Number of protein chains: 2
Amino acid sequence: MSAAPPSFIPPSRLLLGPGPSPIDPRILQAFTRPTLGHLDPVFLKLMDEVRGMLKQVFRTQNELTFPVSGTGTAGMETCLVNLIEPGDEVVVCVQGYFGARMADIAGRAGGKVTVLDAKWGEGFEPGQVEPLLKDRNVKLLCIVQAETSTGYHQPVKEFAELAHKHGALIVVDAVTSTGGIPLEVDGWGIDAVYTGTQKCLGGPPGLSPISLSPRAVEKLDKRKSKVQSWYLDMSLVRKYWGADRAYHHTAPINNIYGLHESLRIVLDEGLEARWQRHREAHDRFAKGAAALGLDFQVKEGRRLPQLNAVKIPAGFEDKPGRKELLEKHGIEIGGGLGDLAGKVWRIGLMGYGARSEVVDQVLVALKALLKR
Amino acid sequence: MSAAPPSFIPPSRLLLGPGPSPIDPRILQAFTRPTLGHLDPVFLKLMDEVRGMLKQVFRTQNELTFPVSGTGTAGMETCLVNLIEPGDEVVVCVQGYFGARMADIAGRAGGKVTVLDAKWGEGFEPGQVEPLLKDRNVKLLCIVQAETSTGYHQPVKEFAELAHKHGALIVVDAVTSTGGIPLEVDGWGIDAVYTGTQKCLGGPPGLSPISLSPRAVEKLDKRKSKVQSWYLDMSLVRKYWGADRAYHHTAPINNIYGLHESLRIVLDEGLEARWQRHREAHDRFAKGAAALGLDFQVKEGRRLPQLNAVKIPAGFEDKPGRKELLEKHGIEIGGGLGDLAGKVWRIGLMGYGARSEVVDQVLVALKALLKR
């Protein structure tokens with residue numbers, strides 16, 4: 001009589017696309033721990049531990065550091081809707097899909113958005129941005145550190161300095177960077193940063209850790225208008241994650257168990273060691289890719305080790321190629337987005353996937369696909 | 001050398017507060033299944049199954065039925081920000097905490113909000129609402145079916161009829177009702193409805209299933225302004241959950257595994273049987289509560305079986321009482337919110353918790369607490 005489908009038994013895939021990345025079984029097991037109430041004293045203690053570990057991973061002392069109850073874009077939107085007031089001048093550096101998303105959200109938040117475009121696969125130098133900040137009362141500069149759509153590694157420290165020099169705050173998209181490459185929130189002076197659990201932190205998607213600097217909190221405190229989102233309103237959420245423990249919304253408890261375990265794994269390994277491991281996996285992949293005649297979309301020196309965009313070789317097609325990898329080898333890789341759709345394959349080597357045996361596995365599969 | 005805290009081993013609690021509710025172990029196990037990519041063909045098929053089951057649970061044919069990637073309030077905000085355009089007249093019926101939250105969000109979405117207040121623990125009759133809809137070009141009527149803060153069961157069918165009679169749409173908060181008491185989205189003419197996974201659907205918190213009627217979709221399609229939220233913009237999200245399968249954001253894959261299993265359990269049991277089970281658990285609890293001298297906050301006939309707000313008896317205090325239940329008996333119940341803070345205890349008998357042995361367990365604990 002039941003109209004329910006059978007139990008879902010997914011195939012086991014090797015996730016080497018732009019995320020989600022392969023997951024350490026310890027993290028999935030953590031999800032099955034008994035659910036606690038969101039105001040249970042034991043859960044509140046866990047929240048403090050999660051905040052403490054996130055501060056270490058972001059390299060920050062920011063009090064306002066916690067996971068937003070949504071995936072990466074929810075973190076992006078949280079930073080932007082809290083820091084932008086209607087009419088604020090906002091400069092967004094767009095070198096790919098996620099920069100463009102920031103610009104879209106900043107506009108919806110009421111910002112007067114100026115977009116600085118770079119060719120997809122390239123990035124920005126500080127000299128390009130400074131003229132846009134000068135004498136224009138810009139309130140917010142937005143930039144993506146690890147552009148997942150292109151594999152470009154954008155240095156951000158000098159941009160933070162420029163923003164502050166001209167009285168602006170800086171928001172950095174660190175969704176794909178956190179845990180995979182160096183990120184120094186306090187050291188570089190980043191005012192707002194967000195990431196996702198499913199990239200180099202190595203867990204399933206579902207949460208977006210963020211951190212706001214005291215400067216950002218000051219801007220938040222001085223707002224004249226309500227934040228347009230209630231769900232993402234930091235002035236309310238912080239009362240739950242902070243000392244007040246005031247009920248705001250029911251936190252996704254088991255996802256926070258998973259994040260707690262992810263962060264434990266990151267800190268047990270050590271951040272530097274983890275960055276180094278991502279670097280080594282990339283080097284191994286790059287060597288193998290060169291042997292297969294594959295070219296990178298991004299120039300050397302600016303390549304993200306965790307997100308390798310390689311040009312689809314002449315004579316091969318995007319979707320059939322990815323389908324073959326998925327069906328014959330059980331490996332998921334990503335296609336291109338936007339300007340790079342149909343032109344690149346994106347091979348993620350993130351978190352638990354940034355290991356030599358994984359690199360070898362995808363190289364073997366690519367070799368079979370390319371029949372070289 | 002690691003700065004990580006030890007692995008988190010939560011105590012096992014009996015969750016009889018306002019949610020999260022006790023969870024069938026099958027659902028937690030589903031969370032540990034191998035994560036798939038959000039565009040994997042196997043995952044896309046799972047999404048269709050989830051949509052199909054949600055349509056059965058909501059009793060609707062609405063195409064636009066899917067889980068929002070956030071907890072219940074994200075579903076509330078999704079319905080409101082998509083259906084309200086700046087300047088729209090909105091009427092919100094407020095008989096507790098969650099009605100008030102709807103009014104707040106409707107205002108942030110640019111609605112011109114008129115609030116109709118009821119005393120907490122009471123509700124509305126259609127005759128009270130009609131004058132507010134008449135000749136006022138109201139676009140949206142908002143009402144809570146199961147007010148979690150008070151335990152009031154608000155019938156909504158006649159309100160939907162009134163809304164349509166006066167050219168308005170109706171949004172119904174069904175966070176605590178879905179799966180626990182009758183809800184007929186198509187039968188009653190509800191235009192937008194949202195729920196949460198952690199109440200009578202019996203899973204962990206993290207997703208908010210919603211459904212929009214063709215009338216609601218038409219309003220969405222005719223919008224002149226962008227939806228203020230990008231993350232919750234249905235005109236974008238529906239391209240991912242619909243036939244296009246266009247990437248929007250990375251869905252919380254493992255939460256959707258959990259929801260899939262929750263819905264299978266609901267449909268295997270059968271909706272009517274599940275409603276009946278909630279009713280029986282309530283009756284058993286009410287009988288026991290009466291024997292302990294406990295009074296309900298809500299009058300008979302309007303009590304939610306799944307959320308029992310009982311008045312804290314004279315001589316007892318809210319927090320110490322709840323603390324004793326938690327620490328001595330491992331049982332979580334809820335305190336009051338807003339107008340009822342310190343005045344009631346809220347005992348949830350939802351989903352996997354709506355069972356006679358669970359009722360007996362909390363009655364034994366309450367008896368020990370009250371020493372009667």
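## Helix H3 of chain A

The buried residues of H3(A) are Gly72(A), Thr73(A), Ala74(A), Gly75(A), Met76(A), Glu77(A), Thr78(A), Cys79(A), Leu80(A), Val81(A), Asn82(A) and Leu83(A). A residue counts as buried if 20 or more other C-beta atoms lie within 10 Å of its own, as exposed if 12 or fewer do, and as partly exposed in between, with C-beta atoms placed from the backbone. Twelve of the twelve residues of H3(A) are thus buried, and the helix is mostly covered. From its first C-alpha to its last, H3(A) reaches 17 Å, close to the 16 Å expected at 1.5 Å a residue; the expected span is 1.5 Å times one less than the number of residues.

## Basis of the model

This is a predicted model, in which local features need pLDDT of at least 70 and side-chain atom pairs count only at pLDDT 80 or more, while totals for chains, interfaces and linings use all residues. Residues are numbered from 1 along each chain as its sequence is written, and chains are lettered from A and ligands numbered from 1 in the order in which they are written.

## Overall fold of chain A

Chain A has 13 helices and 14 strands. Helices (H or I, at least four residues) and strands (E, at least two) are DSSP runs, numbered from the N terminus. The radius of gyration of chain A, 21 Å, agrees with the value near 21 Å for a compact globule of 372 residues; it is taken over C-alpha atoms, and the globule rule is 2.2 Å times the number of residues to the power 0.38. The C-alpha trace of chain A spans about 60 × 60 × 45 Å along its principal axes.

Of the 372 residues in chain A, 58% are buried. Among contacts in chain A with a separation of 6 or more, 72% join residues 24 or more positions apart; a contact requires C-beta atoms, placed from the backbone, within 7 Å.

## Domains

Chain A is assigned domain 1 (14–19 + 272–370) and domain 2 (25–267), with bounds from an automatic or database domain assignment. The C-alpha centres of domain 1 and domain 2 of chain A lie 27 Å apart. Their contact takes 23 residues from domain 1 of chain A and 24 residues from domain 2 of chain A. On the domain 1 side, helix H11 (271–291) and strand E11 (307–311) of chain A are the elements that give two or more residues.

In helix H12 (residues 318–329) of chain A lies Glu324(A). Glu324(A) is partly exposed, with 15 other C-beta atoms within 10 Å. Between Glu324(A) and Asn137(A) there are 187 residues in sequence and 52 Å in space, C-alpha to C-alpha.

The contact between the chains involves 65 residues of chain A and 65 residues of chain B. Elements giving two or more residues to the chain A side are H1 (25–31), H2 (41–58), H3 (72–83), H4 (97–108) and H10 (253–269) of chain A. H10(A) supplies the largest share, nine residues. By class, this side has 28 nonpolar, 25 polar and twelve charged residues. Ala, Val, Leu, Ile, Met, Phe, Trp, Tyr, Cys and Pro count as nonpolar, Asp, Glu, Lys and Arg as charged, and the others, Gly among them, as polar.

The same surface serves both copies, as 100% of the contact residues of chain A recur in chain B.

Notes. Contact = placed C-beta atoms within 7 Å.
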